[in-house]
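The following note is meant for a colleague who is meeting this structure for the first time. Please read the numbered points with the structure open alongside.

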Amino acid sequence: MLWFRTWRLGIKSLLLHPMRTALTVLGIFIGVAGVISLLAIGEGISQEAQRQIEGLGADNIMVRSVKPLNLPEAAASSFILPYGLLREDYALLVETIPTIKSALPIREMRRMVRYADHTIEGRVVGCTPEYADVTRLYIERGHFISDADVKMSQNHCVLAAQVVERLFPYEDPLGRRVFLQEHKDYYTVVGICRDRPPTAAIGGSLDAQDFSNDVYIPISTMRKRIGDTVVMSSGGSREGETVELNQITLRIDSIDNVQKTAELVEQMLEKNHGKLKDTAVIVPLELLEQARRTKVMFMVIMGLIASVTLVVGGIGIMNIMLATVTERTREIGVRRALGARRSDIVRQFLVETIAMSVLGGLVGVGFGLLCPLAVDTARAIVKSVAPDLIAGLPEIMRDVTPIIVPLSIPFAFCISVLIGVMFGLYPAYRAAQMDPIEALRHE
Amino acid sequence: MKLAAKLEDLTKHYVLKSETVRALRGVSFDIPEGDYVAIMGPSGSGKSTLLNLLGCLDRPTSGAMYLGDANVATMNDNQLSYTRATRIGFVFQSYNLIQQLTVVENIEVPLYYQGRLNKRDRARCLELAEMVGLQDRLSHRPAQLSGGQQQRVAIARSLVNDPYFILADEPTGNLDTATADEILRLFENLNQLGKTIIMVTHEDEVSRHAKRIIRLRDGLIQTDERKENRTVLN
């Protein structure tokens with residue numbers, strides 16, 4: 001009851017000076033709304049940056065077949081060497097590790113590709129439809145290898161832009177058939193890739209890759225038509241190897257799980273392949289590190305901005321409360337004369353600052369939640385007023401979508417109330433320490 | 001006779017830079033219940049200091065002051081606050097109502113600081129408002145009232161905690177003669193109902209309504225006399 005009256009009194013006192021109260025609330029409001037929307041924008045940019053890093057393959061683990069150095073006796077005597085990843089490994093990994101979002105078996109080899117009288121040495125890649133997605137391959141015309149292609153082991157292929165340029169200088173390749181010389185086999189072109197620059201090597205863990213001479217065919221077709229065993233004649237001697245898969249690219253559900261999953265994969269492969277070191281697990285360490293650094297950097301910057309905003313809001317409250325205490329010296333004197341203890345005075349002023357900061361906090365949370373909308377509106381306005389300005393911005397800024405960080409809401413709110421209390425404490429203390437006689441005499 | 005307050009050799013010194021001001025230099029008197037005392041004296045006589053001590057707003061340098069059995073001189077700040085909330089009714093020259101509160105709420109304030117407020121108390125506040133003639137202004141704010149009306153609210157407020165005495169500091173100082181008379185009449189009525197009143201004033205016009213006049217000079221009691229023929233307003 002008395003508690004309730006304290007609050008009612010506090011609110012009444014605040015309403016006595018609506019303008020001043022509103023301005024103070026505004027300070028905290030801007031602080032909280034600022035924190036929430038800054039964090040949201042920061043999170044938006046950060047996630048976009050993370051996505052770009054993922055685009056480089058940070059969420060991919062590559063498991064590759066490696067030609068073993070210490071050959072077992074039996075294998076060494078035979079001229080055809082079986083090694084590397086097995087389809088069985090692929091099935092096992094996919095079935096047992098839950099953090100794998102998608103897995104991509106790849107078998108590749110160099111082959112002569114011909115159309116009419118044009119021939120090139122291409123990289124024939126046996127893959128599944130996910131390949132385009134995982135390696136960020138974009139189709140210019142037609143379509144990529146489809147599920148049906150894989151299921152039916154169709155003789156379909158998708159060509160890289162440069163292959164098209166060289167095999168079909170004057171014709172439309174879609175629907176034409178290219179010829180794989182070594183296998184005396186025709187493949188119908190169903191899609192053409194957009195031109196794609198080779199990826200640079202990133203640190204030590206990812207090799208540079210050149211996609212320009214790629215010819216993609218369904219992996220099932222490759223198995224049936226070409227088989228696992230490849231025999232090459234070089235310098236008079238014939239050398240052969242049997243490899244089921246060259247590479248399995250694993251896409252992990254989140255960057256945070258990459259490291260752990262890689263360890264797991266390594267353990268499982270070791271069990272299957274034993275001492276024969278014919279597989280290697282490649283983790284994009286540099287990319288992971290970069291992703292982590294980016295995240296931390298954004299968190300630090302946003303945290304700094306957020307705390308500055310909140311402190312400014314808090315100082316606003318303190319200023320107003322100090323002014324209020326001076327202005328209400330007389331009232332404090334009267335209350336003391338009528339029996340208020342020091343703690344009563346402290347409580348009264350604290351209640352007012354808490355009321356203001358809670359109100360500012362609530363309104364701030366409300367507006368903070370509207371931030372994505374506000375950003376869109378602002379962008380639309382700037383776009384119509386100054387299109388050049390927008391065009392000049394880096395893409396990451398132009399397209400940023402604020403993402404509300406759920407934790408930022410209770411965080412901003414609690415901090416605002418805490419700041420209200422902290423900055424309200426000093427004026428309240430000053431009020432309580434006043435000599436009631438002096439206070440009563442104050443004009 | 002029961003005493004509302006008892007002062008024993010009260011002194012109060014203020015230290016200002018190098019100099020010590022001896023505002024009160026040993027003041028003793030009793031105030032029996034039901035008394036109506038005017039404390040007078042020129043400025044610098046120690047009048048205000050005595051008022052602050054009587055109001056438990058300050059502690060004496062030496063001596064003792066009893067309200068009932070309790071010696072105010074030895075109390076700490078919280079105890080003084082509690083004493084003010086429960087034993088003393090203040091009336092000020094400039095009314096000192098709290099602007100953001102209504103008439104009834106202003107009357108309630110001392111109860112609030114006693115840590116109690118129930119339905120009976122609320123009823124008592126309404127009764128007091130009626131007694132000072134403000135029953136139809138209950139939810140007005142101080143700014144909407146005249147000076148006389150504000151002082152009536154202040155008097156109602158000073159009665160709400162059933163104090164040992166009402167301590168009035170120049171209660172008519174800001175009022176015109178007619179309104180001042182009204183207020184003094186109210187005091188007179190209260191005194192007749194048995195309320196003890198201590199009034200600090202420098203106006204003879206006002207002090208002649210009191211039953212007893214204590215005159216101070218240079219921190220000492222100059223005269224302390226009971227009046228035989230005082231002006232009684234009815």
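This is a predicted model: local features need pLDDT of at least 70, side-chain atom pairs count only at pLDDT 80 or more; totals for chains, interfaces and linings use all residues.

1. Helix α2 (residues 18-55) of chain A packs against helix α10 (residues 285-327) of chain A at an angle of about 175°, and their axes lie 9 Å apart. Angles over 145 degrees count as roughly antiparallel, and α2(A) and α10(A) are therefore roughly antiparallel to each other. The residues of the contact between α2(A) and α10(A) comprise 18 nonpolar, 12 polar and 2 charged.

2. The contact between the two chains draws 17 residues from chain A and 22 residues from chain B. On the side of chain A that touches chain B, two or more residues each come from α1 (2-16), α11 (329-337), α12 (342-369) and α17 (436-441) of chain A. The largest share of that side, 5 residues, is supplied by α1(A). By class, the side of chain A that touches chain B has 9 nonpolar, 2 polar and 6 charged residues.

3. Chain B contains 7 helices and 10 strands. Of the 234 residues in chain B, 47% are buried. Among the contacts in chain B with a separation of 6 or more, 70% are between residues 24 or more positions apart.

4. The buried residues of α6(B) are Ala180(B), Ile183(B), Leu184(B), Leu186(B), Phe187(B) and Leu190(B). Viewed down the axis of α6(B), these buried residues fall within an arc of 150°, so they line one face of the helix.

5. What covers the buried residues of α6(B)? The cover includes α5 (147-159), β8 (197-200) and α7 (204-207) of chain B. On the other side of α6(B), Thr177(B), Ala178(B) and Gln192(B) are exposed. Just after α6(B), Gly194(B) adopts a positive phi of about 105°.

6. One residue of this helix may be considered individually. Asp181(B) is located in helix α6 (residues 177-192) of chain B. Because Asp181(B) has 17 C-beta neighbours inside 10 Å, Asp181(B) counts as partly exposed; a residue would need 20 or more such neighbours to be buried, and 12 or fewer to be exposed. Asp181(B) and Val206(B) are 25 residues apart along the chain, and their C-alpha atoms are separated by 8.8 Å.

Note on methods
Residues are numbered from 1 along each chain as its sequence is written. Chains are lettered from A and ligands numbered from 1 in the order in which they are written. Two residues are in contact if their C-beta atoms, placed from the backbone, lie within 7 Å. Helices (H or I, at least four residues) and strands (E, at least two) are DSSP runs, numbered from the N terminus. Ala, Val, Leu, Ile, Met, Phe, Trp, Tyr, Cys and Pro count as nonpolar, Asp, Glu, Lys and Arg as charged, and the others, Gly among them, as polar. Axes are lines fitted to C-alpha atoms, for helices over the stretch in contact, and angles run from 0 to 180 degrees between N-to-C directions. Angles under 35 degrees count as roughly parallel, over 145 as roughly antiparallel, 65 to 115 as roughly perpendicular and the rest as oblique. The arc is that of the directions from the helix axis to the C-beta atoms.
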